[in-house]
Amino acid sequence: MQEISSAVKKSHSLQKKTALIKQQNKPIDSLRIYQNGISFLEKQFADMSYEKPYALSSAGQQLLVWVVSGQPFIIAALPQSLISFNKYNKDVVPLREYESEFIEFKVRVLLDEKEHGNDQIWELTNKKGFSLIDLSNPDDTKKYYQKKIVIHHNNGSLFINDKKVQQKYLKIDPLEEYIGFNDNHYRGSFIVIHDNQKTLLINQIELEDYVACVLNAESWPGWPLEVNKAFAIASRTYLAHKVLEATAAGLSYHIKNTNIHQTYNGIHSSDLLKKAVEQTKGLIVTYNKKPILAMFDSCCGGIIPAHMSGIDFKHTPYLARKIPCTFCKSCKLYSWKLEYTLAQLEEILQEAEKPLKNLQDIRIIKKDKAGVVHKVACIGKPHELTFTGQQFYSLLSKVKSYCYSIEKKGKKIIIQGRGYGHNRGICQWGARNMVDEGWNYRSILSFYYPGTLLMKLRPVIYKV
Ligand SMILES: [Zn+2]
């Protein structure tokens, strides 16, 4: 009963608002979205259809607006941002959740960042030119009918084609197709953020396009569609996890373009990868209804992740797989062997500025039940140096995982290891071979991420 009366009240309030707006005879024809005082989007309403939710995307935000009789009434933002609804923003009150179809979400990928003081040049190319929009003042748009623009910052100032610009937040749209940058081509827009300490170069791209691009670097286009579907879902999930993290941390981007997060080099021409993304559109792996930290590596080497110590499995129980993966046994990376002379290793230590004289031996001091090395001692005379397993792995570029043994034979050190990567999450070679044995992407994902569920991304709409 209470619900009905509140619905009636809401309906009255909606009518009042309509009346108020009509009375003032100033129909709203545009919408601006503000984040941290910066206007990120201005949208004209002329192309909006009536009586339907209309999806808008802004920089890292999703919005839904419902236009009734030419007036926008329902608005939603994911995550909830500061919204200025022209001067009527006080009227916009989120009341209840409403489910809708999946809409496009724009991902902000950090391509480069430079501290001030570094003289840095970024060159962007396009066949026709660019339009530059000041995100602090979208009325300020400039068109450059040149195939190349040079963004240059020096001593805290930003220059476009050698002209100093005052804008701190610039959006750069290509006049045709893609933007070229560093020998790659990118869909979507570029954003330049010039703050007090750094200048950031960001590519803003639709979520599904981003996943399709990432797969080219993180997967194998020549592998079967089914396994690429599993990788598409893992990449999308990893991104969703990072988006939540970045939003909570108030970052101006969601994810980095290197293998620190996921390698992203822009567009490619693989239809198979695009198909893998389309056929799994919006799907992510979840635990407790949240996107998981969907780690994956090349080859797990048969290591049981649940036996690894020092890993935060409390927050990532789905990475603590108890069943060994045997599917990657035929992969070359499953086990590997390296040989070094003591002299070679001494030189590597010198180069890494970890000088040690008269290297005599290298020994593993601590290993966990899974076989992951935690402490290594390099014994010299009169000193010795100790490293964590990961530090030692980073020192020797040929060591492929954290799981290895070390043996001294005369003046040689033999390192034998298993797998390639961090040994957690999806084992890509294993997953590839599972497909040949009849596994589908759902069963592959539930094997490598035990206890998880597949869910579809969708926005939450708040009704006024
Ligand atoms: Zn494996």
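**Strand pairing in a predicted model**

1. Strands E25 and E26 (residues 373-379) pair in the antiparallel sense, over 6 bridges. Within this pair, Ile364 stands opposite Val376 of E26. The model is predicted.

2. E25 and E26 belong to an open sheet of 3 strands, in the order E25-E26-E27. The pairing is antiparallel. Which strands stand at the edges? They are E25 (361-367) and E27 (384-388). Each has a single partner strand, so one side of each is left without a neighbour in the sheet. On average, neighbouring strands here are turned by 20° against each other, direction ignored.

3. Now to E18, residues 189-194. This strand is mostly covered: 5 of its 6 residues are buried. For E18, two pairings deserve a look, one with E15 and one with E19.

4. E15 spans residues 169-174 and pairs with E18 in the antiparallel sense. The pairing runs over 4 bridges. Ile172 stands opposite Phe190 of E18.

5. E19 covers residues 198-206. Its pairing with E18 is also antiparallel, over 6 bridges. What is the bridge partner of Ile191 in E19? It is Ile202. A hairpin joins E18 to E19, and 3 residues make the link.

Definitions and conventions. Residues are numbered from 1 along each chain as its sequence is written. This is a predicted model: local features need pLDDT of at least 70, side-chain atom pairs count only at pLDDT 80 or more; totals for chains, interfaces and linings use all residues. A residue is buried if 20 or more other C-beta atoms lie within 10 Å of its own, exposed if 12 or fewer, and partly exposed in between; C-beta atoms are placed from the backbone. Two strands pair if DSSP finds at least two bridges between them. Axes are lines fitted to C-alpha atoms, for helices over the stretch in contact, and angles run from 0 to 180 degrees between N-to-C directions.
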